[in-house]
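Have the model open while you read.

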Amino acid sequence: MLLAAALVSAAACTSAGGPQVRVLGVSAQPAAASRRSVVVFLQVRNPSNRPIKLSRLQYTFSADGASQATGDIRLSRALAGDAAVIVEIPIALPDDTADGAFQLDGKLYALEDQVVRSWRVQAVGRFAEADA
C-alpha cells in the first residue's frame, strides 16, 4: 500500500535566516507486523547566501495529535546558499497510526563557517490513501 502526503503550503517555523523545511511526500515501506514504516521526504531550503553542511536532524513525529516516534538521523549534505535539497527520513510507526495530518518537530544541525549551528524546525503534512 502506498501513502502520499498532500503538499502543504505552510513553511517550516524556523528562526530568522535558518533553514526552511517542508514535507514533499510520504512513501510506505515494508515493515514488521506490529510496525508501519514510512519514508518522509523533506525539502530543506537554505535561505541565506552562505553555504551550510547538514549534519543531523533530531525529531519527534506526531500523528493525530499524539507523539508516535522520535529519532536522530545523521546527515551529510552540502547545501549552497539560496538552494534546496531533499532529505529522506525513515520512520517506524505503530501499526495503528491513523491516516490524516501529521507533524514533524525537531532540531536541524549544520556546519556553517566551521561552526556547528542548530535551528528548530517544523513541517506538517497529511497521509492519504494513494489511488489504486
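**Notes on the salt bridges**

1. Let's start with D113 and R50, whose side chains meet in a salt bridge at 2.5 Å, N to O (the term means a side-chain nitrogen of Lys or Arg within 4 Å of a carboxyl oxygen of Asp or Glu). D113 sits in the loop between β7 and β8 (115-129), and R50 in the loop between β3 and β4 (52-63), so this pair ties together parts 63 residues apart in sequence. Strands here are DSSP runs of E, at least two residues, and helices are runs of H or I, at least four, numbered from the N terminus.

2. A word on provenance: this is a predicted model, where local features need pLDDT of at least 70 and side-chain atom pairs count only at pLDDT 80 or more, while totals for chains, interfaces and linings use all residues. Residues are numbered from 1 along each chain as its sequence is written, and side-chain values use heavy atoms, with hydrogens and water left out.

3. How exposed is that pair? D113 is partly exposed at 46% relative accessible area, and R50 is partly exposed at 41%. (Buried is under 20%, exposed over 50%, partly exposed in between, with a 1.4 Å probe and protein chains only.)

4. The structure holds five salt bridges. Another of them joins R36 and D99, with the closest N and O atoms 2.5 Å apart. R36 is in strand β3 (residues 35-46) and D99 in the loop between β6 (83-94) and β7 (101-112), 63 residues apart. R36 is buried at 13%, while D99 is partly exposed at 38%.

5. Then there's R117 with E112, closest N and O atoms 2.5 Å apart. R117 is partly exposed at 36%, whereas E112 is buried at 10%.
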